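Biologist: I have some questions about how the descriptions of this model are reached. Please give the rule each time.

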Amino acid sequence: MSGTSKNLVWLASYPKSGNTWFRLFLNALFNNGKLDINHLSTADTIFSSKSFFEEVSDLPADLLLEEEVKRYLPLVFTDFAMTQQDDVFIKVHDAFQYSKDEQSIIPAVVTKCALCFIRNPLDLAGSLANHYSLSMDEAISMLNDPLYKLAKQDNRRYRRGQFQQDLFSWSGHVQSWLDVTEFPVLFLRYEDMLMNTFAVFKEALEFLQYTSFTDTEIGKAIEATGFKRLQEAERTDGFREKLNNNYSFFRKGKAGGWKEELTAEQVQKIRSVHHHLMQQFGYHDNA
Amino acid sequence: MYQYWGFGLHISSEIEFPELFPFTFEVPDVVIRLGETPKSLPGDEVTQTINAYIKPAEYLLTMRDIGRYHVINGNQIIVEQIGNDNKSLRVFLLSNAMAAVLYQRNMIPLHASGVLYKEGVVLFSGHSRSGKSTIATSLKMKGYSVFSDDVCVLKEVDGKILAMPSYPMLKLWEDSFAKTGLSMEEAKETVRPGLAKYAHFFHHSFITDAIPVRKIFLLNTDNPLGTAEIVKPGFMEAFTEIQKNSYRPSQLNAMGKRKLFFSLASGLVNAASVYMVRRNEKADSLEQITKEIITILS
């Protein structure tokens, strides 16, 4: 595989952790501050997209077994990367893992780096409940389920645009990305993105070696992706990444909402399972 | 040798295909044989995908643990089975290897299902998961006869674009049966072991004629606001949209058939009434859309 360049950049996260916000920021940044949330030119692909897979491989995605998909995915993205001149950003919710061939499903050979977005699981509960139409207790079960699968296929695959993804529990997911040794990974906390948007986004751009953007350009892109702006765009144009139209994708966009949303028992349920990594990321008991 | 009609072709095969339509003929267009295949295709003009080599008149596909398919000159498929999963062996022959046969013969497959209508056919064309099979099945439940599922083959005869069916089998996810009201009693077999997609045969009502396309419904368009509607597009919009529905586009491109596809697609858009179905893929609007389609057809 001579001449392979490492040009894939993974935007990895547990769902509802700020990934889409950062993708929209990149779009605004690369597009001189302009943004149409339903027509993204950057980071418009998710790793689990069946149509992307079909376009590159010419294989019928819905006629493949999960094991085959996991084996083919790294080949599809390697093949794709080799046709690209510039960096390509790809969103991924899958936990970092290996196929039966002991290949990482994310192809390291063409990967430049990854950004991994982390959010306090106490706040995730309400956000997941809203996005996936779950009760709060169901959302907590999702966070705590070590074998959780996203876009579960079962018997109703025909409208699923994405392959089933191994998400694991919140801790399982985060740990899988912490364990990556194949390429550099920068971890970004959603709470820091909210508190110090400019500094954190600039740090991310430096990590990506995108140093030619001026502070004004970065500021303009941040402004274009302000939470109120995104809420307004969703209201007028809709947002094609929503699972249905019965809720707002851009819900609250704040940290600490869990204090009004969760009972003491629900907080305990989350903390007891994720205590270790919550401490590591600064989500302390008194936070 | 077994003898079948499929994709507009007379097919002789050493492998039995319950999916295809039994047919008698003297001279086959295509012969399917079991035998040894090469592991790769050399040459400058070869395009490689993750598991296939594509040349204008030669195609080699490897499906691990299933089989290798070598398609030559549009009239031969050599199949080397790996393992013992016969169903899966047939699935990828009918999807990818047959597409290669068609392109090698200058026959253009279109991603479309269809039902019979006014001595012709109405096509539902869109990418995978756009609802082609479910809409065709819903119409079947309202008394229409299914013409083809997933793929139709286009050909030009005396300046007219005609469509031919692929083979008499609908591939339906388990939940499509409940949605359309089709009984699962008639679809006991999964398409592949371990996949909740079922085969529903319609050999008894299958026709092998090339017939004119009366109407086409293009199913691709996403509408983020979620309302479903059917609109009549202008020529350019319809032409642009139908181009997204080529079948196995890597083969189409690597075999240099894009120009031919353009010509047939533009002829099709000119000759048939074209409708665009705009809906939110995530909203469950198929029932509503099916009703509107029936209104347009009646």
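Biologist: How many positive and negative side chains does chain B have, and how far apart do the centres of the two sets lie?

Modeller: Chain B has 32 positive and 31 negative side chains, with 4 Å between the centres of the two sets. Lys and Arg count as positive and Asp and Glu as negative, while His and the chain ends are not counted. The place of a charge is NZ of Lys, CZ of Arg, CG of Asp or CD of Glu.

Biologist: What are the conventions behind these values?

Modeller: This is a predicted model, in which local features need pLDDT of at least 70 and side-chain atom pairs count only at pLDDT 80 or more, whereas totals for chains, interfaces and linings use all residues. Residues are numbered from 1 along each chain as its sequence is written, chains are lettered from A and ligands numbered from 1 in the order in which they are written, and side-chain values use heavy atoms, leaving out hydrogens and water.

Biologist: Why is Phe89(A) called buried?

Modeller: Buried means under 20% relative accessible area, exposed over 50%, and partly exposed in between (1.4 Å probe, protein chains only). Phe89(A) has 3%, so Phe89(A) is buried.

Biologist: What does Phe89(A) touch, leaving out residues up to four places away in sequence?

Modeller: Contact means heavy atoms within 4.5 Å. Among the residues that Phe89(A) touches are Val9(A), Leu26(A), Phe30(A) and Tyr210(A).

Biologist: What share of chain B counts as buried?

Modeller: By that cut-off, 59% of the 298 residues of chain B are buried.

Biologist: Why does the radius of gyration of chain B agree with a compact globule?

Modeller: The radius is taken over C-alpha atoms, and the globule rule is 2.2 Å times the number of residues to the power 0.38. For 298 residues the rule gives near 19 Å and chain B has 19 Å, so the two agree. The C-alpha trace of chain B spans about 50 × 45 × 40 Å along its principal axes.
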